[in-house]
Each structure stands twice: as C-alpha cells, then as structure tokens.
Amino acid sequence: MTDIQIWTLVFVGITFSLYIYIAYASRVSSTADFYVAGGGIPAPANGAAIAADWMSAASFISMAGIIALAYNGYAGSVFLMGWTGGYVLLALLLAPYLRKFGKFTLPEFVGDRYSETARLVAVLSAIVISFVYVAGQMGGVGVVFTRFLGVSPTVGVMIGMAIVFFYAVLGGMKGITWTQVAQYTVLIIAYLIPAVAVSASVTGNPLPQIGFGQILGELDELQRSLGFEAFTEAFTDPRYGMQNMLLITAALMFGTAGLPHVIVRFYTAKSVRAARYSAVWAIVFIGLLYLTAPAVASFSKLEVLDSLNTTPSGELPGWFSTWADVDLITGPDGAPLEDLNGDGMFNYTGGASDIANEVAINNDILVLASPEIAGLPAPLVGLVAAGALAAALSTASGLLLVISSSVANDVYYKRVNPGATEKQQLMVGRITMGLAILVAGYLGINPPGFVGEVVALAFGLAAASFFPILVLGIFWKKATAMGAAAGMIAGLAFTLAYMIWTLEIYFGGAGIAGIPPTGIGTIGMLVNFAVTIVVSQFTPKPSEKMQALVEEIRYPGRTKLVEEHLKEG
Amino acid sequence: MNPDDRQAYWRANLRLMATLLAIWALVSFGAGIIFVDQLNQITILGFPLGFWFAQQGSILVFIALIVVYAVRMDALDKKFGADDYEEGGVSH
C-alpha cells in the first residue's frame, strides 16, 4: 500500500465514522422529523446542509476541470454564473413563499395549489430528475474509490450505498441534515487547502481567488503559443458565442431554481425569516467553493500545459503516471499515449499549433490531482479523496430523500392510503429509501452511457417544467390548474423533443440557430410561461379560498387561512 | 395588519425584488456576457474585467444580493410590526 492509500483510508475511515455517529445521535421517529427535520434546524447549519446538498460530485470533482479543459476558460463561466445565479432566483422568488405554504415536498405545493393531475406530473418529474442525478453521484463515489484505494468501482459504490443507507434510512431529513453539515466542513477544507497552497507558492498571495489574476496573462500567452485560444478571451469557440452563452447560462439558472431536492431544504427552516437567513448562509458557503474553482482551473491548467510541453516524458511529475495508469490521461480520442513527433515529450497542444496534440486529459482528474500538482504531501491527497466522497454522498442522500418522500407522502399517503398512521408512513418512507438506494447503486455500477449528458440536460428540463408554474403559482392568483398542467406538458415536450432531435446519441440534428441541447431549456421555459398564461385565461379560476391563500403567503406571520391549510394536510 | 398596510408591505417587497433582480441580470448577462469584450479592455490585478465578472464578480454580487434581501426584508417586517415569527415546525 502506498502512503497515499494509507492516508486516504485514514481520512475516509474517520469521516465515515463521524457520519454514522451523527446519524445514530439524531435518529428520528416522526414523519415531520423524517421529511423536514421537524422544521427545527438553525439557519447556519441549514445553510451548510443546503450547500452540501447543492454541491454535487460534479461541482467538487468535475467543475474546475470542465472550466479549464472542456470549456477552455471563459466559456466555463456558464456553470459558475448559472449554478450560483439560479440560487438568487430561488432565494428571492421561491424559498420564503414555499416555506410559508408549509408542506413537505414540491409535488405537494403543486398538488395543493393546482390539481391532482399537476401533482402527478410533478411527482414523476421529481423522481426522474432525482434518479438521473443520484446515478451521477454514485458514479463519482466509484471513481474516487477506484483511484485512491485501488478497489473495484463495484465495491466502492457498495460501500457508499451502505453508508448512505445507514444514515438516511435511520435519520431521515434530520440525520441527513446534520450529516451534511459535517460533510460540508470536510469538503470545503479539502477544496481550499490545495488551492491556498498553490496560490501561495506560485504568486505569494495565499488567497487563490485574487492570486490567480497574476498568472492569467502568462496563461493566455502560453495557450496562444501552443495553438489554443486565449483562456480569458470570450466567444473564441463558435459553439459558445454570445447567444449560446446567454441561453446555456439562463437554462442552468432557471433549472437550478426548479430542482426539487434543493427547494425542499427551505422547509427545514424554523420560520420564514430563518428560511431567508438559511439562504444567506448557503450562498456564502456555496460561494466559497465557486469562487475558488476558477482559481484551481487556472493554476492547474498552467501547470499541466507547462509540464507536459517542457518536460521529457520520463521525468514527468507523479500525478501524470498515476492518472495515465487508470486511463484518465490518454492519447487523443482515447488512443494509447504515444510520442508522435518523437521529441521525447507528450505534447499537449491546440488545433492551431504545428505540433500535433498527443494528450487527452479527463476533466475529473484536475481537482483530484490538485494536491499532487501543488506538490503537497500524502495526507492532503487523502483529505481531497474524503472531500470528494463527502460531496457525492451528501447530494445523493438529499436526492434519495426526495424520492422517498415523493413516493411515501405524495403517492402512498395522499393517494393510496390516506388513513395511514405515522408509523406506517415512516415504514413506507424507509422501505422506499432502501429500494431507491439499491436502484441508485445499480445505476452507479452500470451507468447507462447517456448519464453524463442527461445530468447536464436535467437542468433544462427542470427549467422548462417547474420554474414557470412555481413562480406563477406564487405571484399570480389567477394561474389555473389546467393552465399549469398545459404549461408543464408543453414546456417539457418542446424541450425533450428538441434535445432528442439534436443530441448526437439520438438523431444528431442541426437544431435551430445553432442552439445546443443544453441551452434549449430557456426557450422551453418561455413556452411554458406563455402556455400557462394563455390557457389560464380560458379555464376555470382557482377557488376563492385558494386565491385568498395565495394572497396570504405574501404577508408575514401565520394567519388563519394558512393555519387551516396546514391542518388539512 | 390592515389591508392598506398589507398592500404597502407587498409593494415594498416587489420593489426590492425587482431592483435586486435587475442587478442580478446586469452583472451576469450584462457584464459577464454581453459587454464582456468591452470590459476585457480593462485589466485589474491581472484580471481582464469582463472575465472577472463572469468568474468572480457575478458570484460576489449574488452573495451581496441575497444578504441585502434578507436584511431589508427584516427591516420591512419590523416596520410593519410583523417581526414576531412563528417558531413552530411544519405540521402535517
């Protein structure tokens, strides 16, 4: 066993024991605790839990690499602005009002506000979006275990499943929330330490968010000389011109605001005011990682380009061979690594260079290799592995809770057996959660080839289905049940059809005006808004009582109508 | 709260929201994308300004927007004497 493996085991062991201990200490016995932690989580803790829930394996492991490599710098801003900007919409337009409405799940709001049909569409969408997401998380767990501990991905995913099973099934939302607080702490420390160390050693400024400005000039220069477009320049890639940058960013923003597993977190706040402050804490905690990611991207890109193009292949730093060994660094298009021009180096060059490119680097390794790239000792490499696992597991557990509450609350309790006791509901919730973990694990071990694509597309689908009817449901008393159902179906159908038409794995069509499948959700959202508004004009208005209730949630304090609505369950 | 107060409260809420969302769109879609080339002519601490807005500035402004929203809404609640928040959990 190498030093790195030993330290990884140590950190993973310590953090996993901590999660299990927390779960045991906060085990629950009521449905309110199970679904929303009894609404009794203080704002800073809730903020940290939201942040951990929000930041998935994609944010922690992949984002910096995607910015640096796949999107070559500036264009990667779509993810930075999209994911954090969507949070602003959530905090201002949705969170306080949904908290006031006071139900457990997103389908519950949709069902109460509109109709049973709308509830059903919402349940289905929530479950599909959550499963797509959770499969990605389990896959991330597999990557980390394979790379750092040398076990097979299957064993890795199974260990992850067992841990999640233990604390999610036992502790429900309460256990998950407190575990996520611990997971946020682990993941942010793991992310910041290598970034601070690199920034301090390269620029002398320990704040990577400011320090990386100093190397941008050098990086642009180096990229140009190697035949890449400049890192900081905008619109150099025709796929990411101004129109598409706007559309993709907007799709990510509006989609993020409509993700069911994040919205439900605001129900765990003590009051409307606590919901607002949970949002403040969460954006601060999320911002810390998102402000650091572009710095990690720039520092790593510079180091990678520099070492590959100036160092003979035999003398490359350790991270190169560790990742080449597991085929995450290969030749172009997955071919074996080969020194094509015989200059003794693996050249990493862009399309405009005279020297042919000899290297392809997987987006996911940039962050995992960041401690080694920074020349940090083995214990820190282990810490990053534990951080990546924390990011993946925290998001997975939040998603599993959405699946379980959708089935147990929205389907079983509301439709199948309205007379169910607390105990029966809890039992159904736990069984659903267990089954969901098994399905998620299966998807993590045998990922359908299209998962990666679909995760990115889930945002477009969420934007086109949920966002408009949530906003209209809150701000427009006269939005009708049929309007919302028609809007959701129109938005979803339009967006799905365009995605299937343009995605390479399906028809590979050219699309309209070069709009990529990742950006079409923005147009789908506008379609949904238009259809909901038009159909609402011609269909039966919501009941007087519902209109009055929608009015009530605009004002502070718990009023009689809201009180009654909550009692009706 | 009487009906007049309610209306005033809701208007103030909407005004605050509209202002904050206008800033939200200006820094991200505006400074980060539409005007990025022009802003990139200016360099501060090594950052071309448009690039900085797209990768740092917009996020910093987003954080500020949410803080301002929470603080201003608190003040609004207090002004209308509606700051006795229910601490009860979600009933079922």
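In chain A, A:Pro96 is found in helix H5, which spans residues 77–101. The model described here is predicted. A:Pro96 is buried, because 26 other C-beta atoms lie within 10 Å, where a count of 20 or more is required. Leaving aside residues up to four places away in sequence, A:Pro96 touches A:Val272, A:Ala275 and A:Arg276. A:Arg273 is 177 residues from A:Pro96 along the chain, yet the C-alpha atoms of the two are separated by 7.8 Å.

Helix H13 of chain A covers residues 272–310. Two packed helices are described by the angle between their axes and the distance between the axes. The axis of helix H3 of chain A (residues 43–54) comes within 7 Å of that of H13(A), and the two cross at roughly 50°. H3(A) and H13(A) are therefore oblique to each other, and H3(A) passes H13(A) in a right-handed crossing. On the side of H3(A), the contact is made by A:Ala43, A:Pro44, A:Asn46, A:Gly47, A:Ala48, A:Ile50, A:Ala51 and A:Trp54. These meet A:Ala274, A:Tyr277, A:Ser278, A:Val280, A:Trp281, A:Ala282, A:Phe285 and A:Ile286 in H13(A). By class, this contact of H3(A) with H13(A) has 13 nonpolar and 3 polar residues, and no charged ones.

Helix H10 of chain A (residues 213–225) also packs against H13(A), with axes that come within 10 Å and cross at roughly 40°. That angle makes H10(A) oblique to H13(A). The crossing in which H10(A) passes H13(A) is left-handed. The residues of the contact of H10(A) with H13(A) divide into 7 nonpolar, 1 polar and 3 charged. From H10(A), the contact involves A:Ile215, A:Leu216, A:Glu218, A:Leu219 and A:Leu222. Their counterparts in H13(A) are A:Ser298, A:Phe299, A:Lys301, A:Leu302, A:Leu305 and A:Asp306.

Within H10(A), the residues A:Gly213, A:Ile215, A:Leu216, A:Leu219 and A:Gln223 are buried. The cover over the buried residues of H10(A) includes helix H8 (153–203), helix H9 (208–211) and H13 of chain A, together with S2 of chain B. H10(A) is followed by A:Gly227, which has a positive phi near 85°.

Chain B has 92 residues, of which 36% are buried. Its secondary structure comes to 3 helices and 2 strands, and along the sequence these follow the pattern α-α-β-β-α. Among contacts in chain B between residues at least 6 apart in sequence, 53% join residues at least 24 apart. An unreviewed UniProt entry carries the annotation "domain: Sodium symporter small subunit" for residues 6–82 of chain B. This span is 83% helix and 5% strand, and its end C-alpha atoms lie 11 Å apart.

The contact between the two chains takes 52 residues from chain A and 45 residues from chain B. On the side of chain B that touches chain A, at least two residues each are supplied by helix H1 (3–34), helix H2 (36–39), strand S2 (47–48) and helix H3 (49–79) of chain B. H3(B) gives the largest share of that side, 17 residues. By class, the side of chain B that touches chain A has 28 nonpolar, 11 polar and 6 charged residues.

Methods:
Residues are numbered from 1 along each chain as its sequence is written. Chains are lettered from A and ligands numbered from 1 in the order in which they are written. This is a predicted model: local features need pLDDT of at least 70, side-chain atom pairs count only at pLDDT 80 or more; totals for chains, interfaces and linings use all residues. Helices (H or I, at least four residues) and strands (E, at least two) are DSSP runs, numbered from the N terminus. A residue is buried if 20 or more other C-beta atoms lie within 10 Å of its own, exposed if 12 or fewer, and partly exposed in between; C-beta atoms are placed from the backbone. Two residues are in contact if their C-beta atoms, placed from the backbone, lie within 7 Å. Axes are lines fitted to C-alpha atoms, for helices over the stretch in contact, and angles run from 0 to 180 degrees between N-to-C directions. Angles under 35 degrees count as roughly parallel, over 145 as roughly antiparallel, 65 to 115 as roughly perpendicular and the rest as oblique. A crossing is left-handed if the near helix is turned anticlockwise from the far one by less than a right angle, and right-handed if clockwise. Ala, Val, Leu, Ile, Met, Phe, Trp, Tyr, Cys and Pro count as nonpolar, Asp, Glu, Lys and Arg as charged, and the others, Gly among them, as polar. UniProt positions are given in the numbering used here, feature names are shortened, and annotations may be inferred rather than shown by experiment.
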